[in-house]
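Hi there,

Here is the structure I promised to pass on to you. Could you open it alongside this email and follow along as you read?

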Amino acid sequence: MMNFLATPNRRKLLFGLLYLSEGAPIGFIWLGLPTRLRAMEVPVDQITWLMAALILPWTLKFLWAPLIDLLRGPRWGFRHWILSSQFLMAATLLPLMWLDIRTEFSVMAVWLLMHAVCAATQDISIDALCVNQSSPEERGSLNGWMQCGVLVGRAAMGGGALVLEQWIGFPAVVAVLIAIILSSATLLLFACEKPSSDSPVANDSGIAFFQRLRSMFHELWIAVQSGGIRSGLIFTLTAPAAFKSLEAVIGPLLIDRGYSK
């Protein structure tokens, strides 16, 4: 059995594909979907409301990220978190194949919000697995492969999905997206996660769960009070916030200016 976490080159392939499966739904939902909705004459305020709601899980994922680390042990690691998140991501996209977006907009929004929570959890788990299973020296190159994967996925299922829809139809595009999400899961099934010496469940089995939970939030509070974290939060409220805001409305803006999908 080929272990895709065993060597640096295999890890590059695995994490590149994991980020491809993460970037594809991001491109589809944050770039392709707003354009498609506006082309169907869905009001801009509805589109922007939906995009704002869908980015909230990504914004707030730091609140439950420590739980991903806390709730693991010898039989449940980061790999299992990723696999379960991916299958739930695929399941929450399935209804898009038959929902009428115009008349069932709110139903679609609920499914997409659940998808966003699962996708944000997948992102947390992938990053944690990468740090946990790699050496510090290789993380720069791994990050390059991961960024390449996410940007290819965004392009392929952002504008690419709108082009593809003209040939195969929207339900088939959703099926392609689901296949991309699950593609990296096949490699992850053949990955053997190294036991972690810092696994809280494994090492602190005698300590009550709520004691570990309290300790975790105490450490999180200390981290939030640090100057570096505050500076990072201030930065994210400027350039990244503007970029994400533009990203959600650029498609509808172009549609309103007479451009085709």
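Below are my notes on one helix, one arginine and some aromatic pairs. Please keep in mind that this is a predicted model.

Let me begin with helix α7, which covers residues 159-168. Which of its residues are buried? They are A161, L162 and E165. Looking down the axis of α7, you will find these buried residues within an arc of 100 degrees, so they line one face of the helix. Q166 and W167 are exposed and sit on the face of α7 turned away from the buried side. The cover over the buried residues includes α1 (8-39), α6 (139-157) and α8 (170-188). Just past the end of α7, G169 has a positive phi of about 90 degrees.

One of the covering helices, α1, is also where R36 is found. Is this arginine buried or exposed? Its relative accessibility is 12%, and since the cut-off for buried is under 20%, R36 counts as buried. The side chain of R36 makes a polar contact of 2.9 Å with the side chain of E165, a residue on the buried list of α7. The charged end of R36 also sits over the ring of F170, at 3.7 Å from the ring centre. If you set aside neighbours within four places in sequence, the contacts of R36 are I101, L162, E165, F170 and K261. L162, like E165, is among the buried residues of α7.

Now for the aromatic side chains. How many aromatic pairs does a search of the whole structure find? The search gives 4. One of them joins W30 and W58: the ring centres are 5.8 Å apart and the planes are at 75 degrees, so this pair is edge-to-face. W30 belongs to helix α1 and W58 to helix α2 (residues 44-59), so the pair ties together parts that are 28 residues apart in sequence. Both partners are buried, W30 with a relative accessible area of 9% and W58 at 15% relative accessibility.

W76 and W81 form another edge-to-face pair, with 5.8 Å from centre to centre and 80 degrees between the planes. Here W81 is buried, with a relative accessible area of 18%, whereas W76 counts as partly exposed at 36% relative accessibility.

Enjoy looking around!

Best wishes

Definitions and conventions
Residues are numbered from 1 along each chain as its sequence is written. This is a predicted model: local features need pLDDT of at least 70, side-chain atom pairs count only at pLDDT 80 or more; totals for chains, interfaces and linings use all residues. Side-chain values use heavy atoms; hydrogens and water are left out. Buried means under 20% relative accessible area, exposed over 50%, partly exposed in between (1.4 Å probe, protein chains only). Helices (H or I, at least four residues) and strands (E, at least two) are DSSP runs, numbered from the N terminus. The arc is that of the directions from the helix axis to the C-beta atoms. Contact means heavy atoms within 4.5 Å. A polar contact is a pair of N or O atoms within 3.5 Å; within protein, one must be able to donate a hydrogen and the other to accept it, and residues adjacent in sequence count only if both atoms are side-chain atoms. Rings of Phe, Tyr and Trp (its six-membered ring) pair if their centres lie within 6.5 Å; planes under 30 degrees apart count as stacked, over 60 as edge-to-face and the rest as tilted. A charge sits over a ring if NZ of Lys or CZ of Arg is within 6 Å of the ring centre and within 35 degrees of the ring normal.
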